[in-house]
Amino acid sequence: MTAPTVIAPSILACDFGRLAAEVAEVAEGGAEWIHVDVMDGHFVPNLTIGPAVVAAVRAATDRVVDVHLMIEPVDAYIEAFAGAGADVITVHAEATRHLDRTLAAVRDLGVQAGVALNPATPAATVRHVLDRVDLVLAMTVNPGFGGQRYLESVEPKLVELAEMVGDRPIRLEVDGGIDATTAPRAAAAGADTFVAGSAVFGANVRSSAIAELRGAATQARLTTSVET
């Protein structure tokens, strides 16, 4: 284990009527990143938010604002989300014909670039763009809705991605069905960054939920590191 474990609560599960307060609470509760799921009703069967909400999140916290674009086409909207204050912008490999060009466009805006893979998309898809990315996101559910069951079938792909990334300073993020039971499974397979929606925002004490997630994931990462 090298990179520290990061917990990134997804605002998809928060109370949007109290957005600033919700973001502040999880930040004060120990979350390093705030994850923003952007869906367009086209690439995925749900419609969520746009740059204005990202700007509101940016105004509410000094934490890393991690924007996950589940939209197609994606290139035309990258600048707007960067301008709204995103620190990381992740695009789906399936949503652009020219992945290398799209990732380069993100980085040209001074934003960290991530690439996301749907559960059925092979790890090899990102092999030739690793020099362009700061993060690889493996979806552990089919994207579009919160509250879905974690797909254990993605774990072999996580192992493959971790081997592919090697010692590069690239974070390996998981998103979907992450809680204190599934986070250790993803961590043992190589993940170091964990998006959690209902597991954090649905908890009575958000700080305790974040600490539990971090502890479970970190322990699994340490155990795996010792075993290997």
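The largest nonpolar core has 64 residues, and Ile 11, Val 36, Val 67, Ile 89 and Phe 194 have the most contacts inside it. The model described here is predicted. Apart from that core lies another of 10 residues, including Val 6, Ala 8, Val 88 and Ala 116.

**Core residue Phe 194**

- Phe 194 is one of the residues with the most contacts inside the largest nonpolar core.
- Leaving aside neighbours within four places in sequence, Phe 194 is in contact with Thr 5, Val 6, Ile 7 and Ala 8, as well as with Val 174, Ile 178, Ala 183, Ala 186, Ala 187 and Ala 217.
- Two of these contact partners, Val 6 and Ala 8, are among the residues of the 10-residue core.

- S1 pairs with S8 in the parallel sense, over 4 bridges.
- Within this pairing, Ala 196 in S8 is the bridge partner of Pro 9.

- Strand S6 (residues 135–139) is largely enclosed by the rest of the structure, because 5 of its 5 residues are buried.
- Leu 135, Leu 137 and Met 139 cover one side of S6 and Val 136 and Ala 138 are on the other, so that both faces hold buried residues.
- Strand S5 (residues 112–117) pairs with S6 in the parallel sense over 4 bridges, and Leu 135 in S6 is the bridge partner of Gly 114.
- S6 also pairs with S7, again in the parallel sense, over 5 bridges.
- In S7, Val 174 is the bridge partner of Ala 138.

**Helix H5**

- The buried residues of H5 are Glu 155, Lys 157, Leu 158, Leu 161, Met 164 and Val 165.
- These buried residues pack against S5, S6, S7 and H6.
- Gly 166 follows H5 and has a positive phi, near 60°.
- Gly 166 is also among the residues that lie nearest the centre of the largest pocket.

**Largest pocket**

- The lining of the largest pocket comprises 27 residues, and those nearest its centre are Thr 2, Ala 162, Gly 166, Gly 190 and Arg 221.
- At least two lining residues each come from helix H5 (155–165), strand S7 (171–175), helix H6 (182–189) and helix H8 (206–227).
- H5 provides the largest share of this lining, 4 residues.
- By class, the lining of the largest pocket contains 13 nonpolar, 7 polar and 7 charged residues.

**Second largest pocket**

- Strand S2 (33–39), strand S8 (193–196) and helix H7 (198–201) each contribute at least two residues to the lining of the second largest pocket.
- The lining of the second largest pocket divides into 12 nonpolar, 9 polar and 3 charged residues.

Conventions:
Residues are numbered from 1 along each chain as its sequence is written. This is a predicted model: local features need pLDDT of at least 70, side-chain atom pairs count only at pLDDT 80 or more; totals for chains, interfaces and linings use all residues. Side-chain values use heavy atoms; hydrogens and water are left out. On a 1 Å grid over the protein atoms alone, a cavity is a set of points where a 1.4 Å probe fits but cannot get out, and a pocket is an open set with protein on both sides within 12 Å along at least five of seven lines; lining residues have an atom within 4 Å of a point. Ala, Val, Leu, Ile, Met, Phe, Trp, Tyr, Cys and Pro count as nonpolar, Asp, Glu, Lys and Arg as charged, and the others, Gly among them, as polar. A nonpolar core is a set of buried Ala, Val, Leu, Ile, Met, Phe, Trp, Tyr and Cys residues joined through side-chain atoms within 4.5 Å. Buried means under 20% relative accessible area, exposed over 50%, partly exposed in between (1.4 Å probe, protein chains only). Contact means heavy atoms within 4.5 Å. Two strands pair if DSSP finds at least two bridges between them.
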